[in-house]
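Please keep the sequence and the model at hand while reading.

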Amino acid sequence: MCSILGLLNFTRKISPQEIQTLNTMGKTLIHRGPDQNGLYYGDHFAFQHNRLAIIDIEKGRQPMTASHEGYEYTIVYNGELYNTGDLRQELLKLGVKFRTYCDTEVVLYSYILWGEQCSSKLNGIYSFVIYDSKEKRAYLSRDRFGVKPFFYTFVEDALLFASEIKALLKHPQVQPQLDHQGLWQLLYMMPVKEEGTAIFKGISELPTASHAFYTPTPGSPEEGLKISNYWTLEAYENRDSEDTIVETTRGLLVDAIERQLVSDVPLCTFLSGGLDSSVITAVAAQKYKAEGRRLATYSFEHEGNKDHFQQTLFQPQRDEEFALYLAQHLHTHHRTLTATKEDLVGYLNDAVNYRDYPGMADIDSSLLFYCRQVKNHHTVALSGECSDEVFGGYPWFYRPEMLTRSFFPWIHDPHARIGLFKPELVRPQEGFDYTSGIFRRSVEACPTLPGESETMRNSRIASWLSIHYFMTSLLERKDRMSMASGLEVRVPFSDHRLVQYVYNVPWEIKFKGGVEKSLLRAAMQDYLPDKILYRKKSPFPKTHDPHYEQLVFHLFRKRLGSGSGVLAELLQKDVLNRLINPENKTWFGQLMGVPQLMAWLVQLDYWFETYQVQLEL
């Protein structure tokens, strides 16, 4: 787990000044890799790396170079492989002599021997670049679901890449510009964004499950980057019996969890007491017990929620009772971490700094707080993200009216947020046409089968949209807030073998008896007590303390009252006054009520100010 940063230029040698600039840029990413750092360069490439050491701590330093048949290959890599042992055995049979036990060297030799086919053989979370001196080109790759970030831009005759946008913006020729397309994504789509984009004009993101070659090309450097998919979800008819489907699902999931328990540093699990985190914890606790160890677990709570909790469709129950119950049942070493309302407000700006744009308000800031507390005792954690997207846990999977609104189903009213802003500046109708076009093209790209039932087709569309957008945003949030704390978080439900298999399970089995995630419950019934196994879904906790709302409103009015920020420039004050009425119970998306919207607007204002964002409207 690390940060990667680099410069590729095939038209001339990289200058000492560019190396110095790269070194400066790398300092912005030290939080992702506080243990070690390295810089390595040749005539046409320069790689910088910050490392959070997990496996083979002493020998796994980067950038790493290997020689093969007289040529050198250099890698800068951020990630974790879960089939390292399998690939190592394959490569040993082909004559590779390894110098380390870390997965970085396995990835490097996978490319050396298998070329561009290597990415399809990897099971893990990763982004990396390899300079190939034999072919005089670079190979770029990113994991199938975008767990690990990869941003890039072009600077004159060079390709510049980094794990986070902030590093790119540190380059003197990269400006924090925001055009209408970026603004529309913020106001219509957040917390999700268009695939392959980075909100900022001129900065792109290597899409999920994509790889690329960057080669010397006459003309513009953009022409030298050839991106393609090495993997995608495929639709096929699953003819397995229901018993076989349940057994196969259990086998794939248990294998994914156990593969991700490998670590040379202290490891824990996040345990909310919900189905997803409980499944991971139960499998992990059982394996630890067999090895004579005791698993550590953490649950998260908000101060005041016991007195102020309000049941909603998205959050029907509090977590604390269930987390403590399962921790006692599994005999884990359990801690409950509690965030105060002051913590939530105090970390709002930090969350923007680490995500590089406004995300999910206190949902981000609370996770940042929790990750920093976990890091005091552990360096690796397993978490339950991706289960709802894979197994159909969200309401839009089984409430057709949410999926047929011709817009992203987790956004209840796409016009509510942009309606706060002056229409002559934000051009809302054009923005809606643009963002709804993204939605429409995504639905059209969804893999389906001719003649399958409307129910099955809708379940595929719900999965496809959730995996490509909502899941990606949650994984981005988890990566930024955890890596900001020097904590690696692994997500077993994102194992591509499991995702591919479950995508093709008939909806009638996934939603058997009208119960969401029935397949997951059936597959893991031997691991969990009924109280947990049949618990209604409850997502990441949010605060229900009305005093938090007061703190956020105070902060919002303070920033708006300064008269100098983007809020004062862009907001329609009469519309806003109606919105912030205490009686207003409008929802803007999952877990996004009025207090969260106010916090998000505060983040937006802070982002424009701190990042010196330049509006190009």
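## Basis of the model

This is a predicted model, in which local features need pLDDT of at least 70, side-chain atom pairs count only at pLDDT 80 or more, and totals for chains, interfaces and linings use all residues. Residues are numbered from 1 along each chain as its sequence is written, and side-chain values use heavy atoms, with hydrogens and water left out.

## The surroundings of S299

The side chain of S299 makes a polar contact with the side chain of T336, at 3.2 Å. Another polar contact, of 2.9 Å, joins the side chains of S299 and H334. A polar contact is a pair of N or O atoms within 3.5 Å; within protein, one must be able to donate a hydrogen and the other to accept it, and residues adjacent in sequence count only if both atoms are side-chain atoms.

S299 sits in strand β15, residues 296-302. Helices (H or I, at least four residues) and strands (E, at least two) are DSSP runs, numbered from the N terminus. S299 has 5% relative accessibility, so it counts as buried. Buried means under 20% relative accessible area, exposed over 50%, and partly exposed in between (1.4 Å probe, protein chains only).

Which residues is S299 in contact with, leaving aside its neighbours within four places in sequence? They are L271, A323, H334, R335, T336 and L337. Contact means heavy atoms within 4.5 Å.

## Salt bridges across the chain

The structure holds 39 salt bridges. A salt bridge is a side-chain nitrogen of Lys or Arg within 4 Å of a carboxyl oxygen of Asp or Glu.

One of them pairs the side chains of R32 and E164, at 2.9 Å from N to O. This pair links distant parts of the chain, 132 residues apart. R32 lies in the loop between α1 (16-26) and β2 (36-41). E164 lies in the loop between β9 (158-162) and α5 (165-169). R32 is buried, at 0% relative accessible area. E164 is buried too, also at 0%.

D364 and R477 form another bridge through their side chains, at 3.5 Å from N to O. Here helix α13 (residues 362-374) supplies D364, and helix α20 (residues 454-483) supplies R477, 113 residues apart. D364 counts as buried at 1% relative accessibility, and R477 at 2%.

## A further pair and a network

E516 forms a salt bridge with R521, with the closest N and O atoms 3.4 Å apart. E516 is buried at 4% relative accessible area. R521 counts as buried at 5%.

Salt bridges that share partners join R32, K148, E164, K166, R355, D356, D364, E476, R477, D479 and R480 into one network.
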